[in-house]
Amino acid sequence: MSAKIQKVSDLSSPPQLAHLAQVDAGTGLVQNIIVIPASQGHRAHDYMAKDLKHRHKGLWIQFYPGDTSKPGLHSVGPGMTYVERLGGFIAKQPFPSWTLNESTFLWEAPIPRPGPVHMWNEETQSWYDPYTV
């Protein structure tokens, strides 16, 4: 795996904070998340390339919280996995029958969810309303 880091100084409008996720180079599992304060944002790339390599082993990937124009890089958390082939992070598969939408980086049920309160039943492969059971 190789890190896909863009220098903060190369961005047209640098973010106030630089967000980095440490992932296991073999599994891609997120191990740590750090936020570099705005006062140090100008050196995010240097910090990752030099400081983190010496203190924290692993692969570091920059992500962009809330930026929905970057699917797979706008939401990262514990238990998620970086998939190099896709260039983004995915959550753990919620049910064996669900498939990954590689455009949105979200897991999808075999049947679309009929409403916001409906829960998935893997055994029956169907949605149910927990308030009417």
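Me: Why does Glu102 count as partly exposed?
Reply: In this predicted model, the relative accessibility of Glu102 is 42%. Buried would need a value under 20%, and exposed a value over 50%. Because 42% lies in between, Glu102 counts as partly exposed.

Me: What makes Arg85 exposed?
Reply: Arg85 has a relative accessibility of 63%. The cut-off for exposed is over 50%, so Arg85 counts as exposed.

Me: Why is the pair of Glu102 and Arg85 called a salt bridge?
Reply: The closest N and O atoms of Glu102 and Arg85 are 3.0 Å apart. The rule asks for a side-chain nitrogen of Lys or Arg within 4 Å of a carboxyl oxygen of Asp or Glu. A distance of 3.0 Å meets that limit, so the pair is a salt bridge. By this rule the count comes to one salt bridge.

Me: Which parts does the pair of Glu102 and Arg85 tie together?
Reply: Glu102 sits in the loop between β6 (99–101) and β7 (106–108), and Arg85 sits in the loop between β4 (81–83) and β5 (88–90). The pair therefore ties together parts that are 17 residues apart in sequence.

Me: What is noted about the phi of Phe105?
Reply: Phi of Phe105 is near 65°, which is a positive value in a residue other than glycine. Most residues other than glycine have a negative phi. Phe105 lies in the loop between β6 and β7.

Me: How do you know whether Phe105 is buried or exposed?
Reply: Its relative accessible area is 9%. Buried means under 20%, so Phe105 is buried.

Me: And what about Gln125: is it buried, partly exposed or exposed?
Reply: Gln125 has a relative accessible area of 31%. That value falls between the cut-offs of 20% and 50%, so Gln125 is partly exposed. Gln125 is found in the loop between β8 (119–121) and β9 (126–128). Phi of Gln125 is near 55°, again a positive value in a residue other than glycine.

Me: What makes β3 mostly covered?
Reply: Five of its five residues are buried. Leu59, Ile61 and Phe63 lie on one side of β3, and Trp60 and Gln62 on the other.

Me: How do you know whether His19 is buried or exposed, and what does His19 touch?
Reply: His19 is found in strand β1. Its relative accessible area is 15%, which is under 20%, so His19 is buried. Not counting residues up to four places away in sequence, His19 touches Ile34, Val35, Ile61, Gln62, Phe63 and Pro65.

Me: What makes a set of residues such as Ala21, Val23 and Val30 a nonpolar core?
Reply: The residues must be buried, of nonpolar kinds such as Ala, Val and Leu, and joined through side-chain atoms within 4.5 Å. The largest core has twelve residues, including Ala21, Val23, Val30, Leu59, Ile61 and Met80. β1 and β3 each supply at least two of its residues, and β3 gives the most, with three. A second, separate core of nine residues includes Val83, Leu86, Ile90 and Trp120.

Me: Which residues does Met80 touch?
Reply: Leaving out residues up to four places away in sequence, Met80 touches Gly28, Leu29, Val30, Ser75, Phe89, Ile90 and Ala91.

Me: How much of the chain counts as buried?
Reply: Of its 133 residues, 35% count as buried. The chain exposes about 8300 Å², and carbon and sulfur atoms supply 54% of it.

Technical notes:
Residues numbered from 1 in each chain as written. Predicted model: local features only at pLDDT ≥ 70, side-chain atom pairs only at ≥ 80, totals over all residues. Heavy atoms only, no water. Helix = DSSP H or I, 4+ residues; strand = E, 2+ residues; numbered from the N terminus. Buried < 20%, exposed > 50% of the residue type's maximum accessible area, 1.4 Å probe, protein only. Contact = heavy atoms within 4.5 Å. Areas by Shrake-Rupley, 256 points an atom, 1.4 Å probe, with all protein chains shown as cover.
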